[in-house]
Amino acid sequence: MKETKILLTEREIPTHWYNIQADIPNPLKPPLSPATGKPATPDELGAIFPEEIIKQETGTQRFVEIPEEVRRLYGLWRPSPVYRAHRLEKALDTPARIYFKYEGTSPAGSHKLNTAIPQAYYNKQQGIKRLATETGAGQWGTALSMACKFFDMECTVYMVKISYNQKPYRRSMMQLFGAEVFASPSDKTDAGRAVLEKDPESNGSLGIAISEAVEDAVKNSDTNYALGSVLNHVVLHQTVIGLEAKKQMEKAGYYPDVVIACSGGGSNFGGIAMPFVQDKIKEGKKTRIVAAEPAACPSLTKGKFTYDYGDVAHLTPMMMMYTLGSDFMPPGIHAGGLRYHGSSPIQSQLLHDGIIEAAAFEQQDIFEAAVLFAQSEGIVPAPESSHAIKAAVDEAINAKESGEKKTILFGLSGHGYFDMAAYDNYLSGQMQNSSLPEDVLDKALEKLS
Ligand SMILES: *Cc1c(COP(=O)(O)O)cnc(C)c1O
């Protein structure tokens, strides 16, 4: 029988995270302080992050030990399965082997719990009582609420208003885990009030919600801030995905020719990709490593590689990254988790250096791929994850045309069971594509000097 599911035992949960900063050919440029424009000092970062996280952010130690308590919580769902998508291969009539690593088995429904748990852990260790954060579609807020509850901490979530209204069950889920949830822009912060004054009907954006959460953390000494993507320590925590996947592919007997993941801020991509990037850098492997993003928010494929802020109010440090500009307002696509103007500095540097690639996809095409995947494999994918599916399907179709028997591995970052309204929209034929008009893009990029 051809193997469908490749599992590891609980003992095989990685003991260490992998830090690409030890091996990256061109070291990352430092984050710059919004106050001074000079490299941000640990003291400045200390206003919102615990010491251990700050160390991980800039550290170059190759392997970082995962605390025992974190590993034990990982055991709730890790190691996550790798599947061979036999039925999808058949539906595409492709000679390619398609594997996917499924992070939707996490109790939060996506990869985000991989970093929410260690972030809550390190903050708890330092005596912090409450974490403030933003959430777009609600997945990060859900993961952090759960993690805070595990460590008996409070959690405040600023949820982008359009999602707050469109995804009431995500909000309920956060509340179930004890979090306090505000629609952002809110009247709770200066940043929120400033936006509301200009535009009382504002739908919000991740950039605005980040400003609110950071302000909350800066103003309250018992409160820190937690970010669900972009930053180096988040990518570090997510490498459990790729470390496990590498072992699983070894068991399967095939090293991937292509590794694919969707990209919003770049942490799930970084998580599955970095251990394979290491092989590419150190062993000269020829693996193609592809980040899949929405055409509506094409920071990697159309953005500029420059220093930019992570938020609208410019409270975060400036990071060297591919960005569309910190006040860029992406169209309201269903893949809410991919509506971020920037991208992780790690991923950006690797893209700039030609070690990884990026591709952008239209909303209708990703839903077409999502439905084919669901009908073949029985899993309803998150709209975000479906960008990776679409990229993998395209690879498999190319393999058919060229007759190549290549191996594709993609990251399925989460399930789409809270996204049925988006599927309704697609199935009823009402879905729009939302590629960015050239003039909107040009205007956004002009603001970046
Ligand atoms: C948040 C989210 C993403 C985007 O993740 P990044 O790490 O920011 O790129 C992708 N898929 C799912 C299911 C998500 O919840």
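**Aromatic pairs and charges over rings**

Modeller: Tyr121 is buried, at a relative accessible area of 13% (buried means under 20%, exposed over 50%, partly exposed in between, with a 1.4 Å probe and protein chains only). The model is predicted, so local features need pLDDT of at least 70 and side-chain atom pairs pLDDT 80 or more, while totals for chains, interfaces and linings use all residues. Residues are numbered from 1 along each chain as its sequence is written, and side-chain values use heavy atoms, without hydrogens and water.

Colleague: How many aromatic pairs are there?

Modeller: The count is 15 aromatic pairs, taking Phe, Tyr and Trp (six-membered) rings with centres within 6.5 Å. Tyr121 and Phe151 are edge-to-face because their centres are 5.9 Å apart and their planes at 65 degrees (under 30 degrees is stacked, over 60 edge-to-face, the rest tilted).

Colleague: Where do Tyr121 and Phe151 lie?

Modeller: Tyr121 is in helix 5 (residues 113-125), and Phe151 is in the loop between helix 6 (139-150) and strand 7 (154-160), 30 residues apart. Phe151 is buried as well, at 6%.

Colleague: What about Tyr255 and Phe276?

Modeller: With centres 5.7 Å apart and planes at 75 degrees, Tyr255 and Phe276 are edge-to-face. Tyr255 is partly exposed at 29%, whereas Phe276 is buried at 0%.

Colleague: Changing topic, which charge sits over the ring of Tyr255?

Modeller: That of Lys285, 4.6 Å from the ring centre (the rule requires Lys NZ or Arg CZ within 6 Å of the centre and within 35 degrees of the ring normal). Arg171 likewise lies over the face of Tyr164, at 4.4 Å.

Colleague: Which rings form a cluster?

Modeller: Tyr83, Phe100, Phe373 and Phe410 are linked into a cluster by ring pairs.

Notes. Helix = DSSP H or I, 4+ residues; strand = E, 2+ residues; numbered from the N terminus.
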